[in-house]
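Dear colleague,

Please find below the structure that I am handing over to you.

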Amino acid sequence: MIELNKTDIERIKCSRHIVFFTGAGMSAESGVATFRGKDGIWNKFRPEELANFDSFMKNPAMVWEWYSYRRDIVRHVIPNAGHLAIAEFQKYFPKITVITQNIDNLHKRAGSNNIFELHGNIERNYCIKCKTFYNDIEERVVPPKCKCGGFIRPDVVWFGEYLPEDQYKGAEIAASECDYFFVVGTSAIVFPAASLIYIAKKSGAFITEINIEETDISSFTNKTIMGKAGKILPEILEKIKE
Ligand code: BJW
Ligand code: ZN
């Protein structure tokens, strides 16, 4: 059973606006690998070789193939009990905001409807030259090319790139306005996304972390619950319904 006492549950119940700030650990139980840690994909693939624009320009085919491979994975997995619990929270609170660093679309597929995607979405692509957006792409050539001749890249945020302004701005407002802020399955080391935790705390929100291990922000949060997101979140929801 989770380490939440009556006061903790009351505090959640009294909240009018709850934010769930999620990272790769949120989707781990769906079968999407995390980046860092024991089973992280970056033990096998180096981020600096794949997750930045220079690498894409140096070897577009390799980078495109890597995202193609990951796109295929996320299309074949399904939202887990944690994603579904977050979506169900919408029934019980005036406002729920999901701020995700994940590019896998699983919150949307679970039914959450107020989502800020800080690092893009692997289902979208755009031409680096004329910025035309593409959803489904026939990969006759790899990487595919736009009508204008430019390479098409995934609409994800690589290191050194700015986050989509509207998504970050919306997330920043939610973090500063909410009264409860859950940090779920993130190592919280990538900025500016991680700064939202500090903004929320400074603005007076209660911060609860859900993670299978301690992170850099564990000493900063008001509470850390150790465990899997797919187990803890449904348990919290059940307590709220009681
Ligand atoms: C579970 C679980 C279960 C497992 N239940 N929990 C020095 C200092 C500060 C900043 C910088 C710096 N040097 C460079 C920077 C900036 C840089 C940055 O932050 N780097 C740090 C790594 C140091 N940031 C950027 O470059 C950003 N842009 C930017 O700053 O723009 C301004 C600028 C512009 C121009 C010039 C200069 C500056 C952009 C960051 C983009 C991040 N992109 C990626 C890749 C996306 C595409 C793709 O998927 O390929 O986003 S990197 C990767 O990390 C991905 C993630 O969204 C992000 C965060 O990872 P996350 O989600 O936390 O995953 P993990 O694997 O780290 O953690 C998983 C957690 O889950 C663990 O804690 C587990 O324990 C837990 N877990 N199973 C619960 N079942
Ligand atoms: Zn183009």
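Domain bounds here come from an automatic or database domain assignment. That assignment gives domain 1 (1-32 + 79-119 + 163-242) and domain 2 (34-76 + 122-156). This is a predicted model, in which local features need pLDDT of at least 70 and side-chain atom pairs count only at pLDDT 80 or more, while totals for chains, interfaces and linings use all residues. Residues are numbered from 1 along each chain as its sequence is written, and side-chain values use heavy atoms, with hydrogens and water left out.

The C-alpha centres of the two domains lie 27 Å apart. Their contact (heavy atoms within 4.5 Å) takes 14 residues from domain 1 and 13 residues from domain 2.

Between them, the domains bury about 910 Å², 60% of it on carbon and sulfur atoms; buried area is the accessible area (1.4 Å probe) that two parts lose on being put together, summed over both. Ala24, Val32 and Ile103 supply 42% of the area that domain 1 buries against domain 2, more than any other three residues.

The count between domain 1 and domain 2 is one salt bridge, that is, a side-chain nitrogen of Lys or Arg within 4 Å of a carboxyl oxygen of Asp or Glu. Glutamate 117 forms a salt bridge with arginine 124, and their closest N and O atoms are 3.6 Å apart.

Yours sincerely

How values were computed. Chains are lettered from A and ligands numbered from 1 in the order in which they are written.
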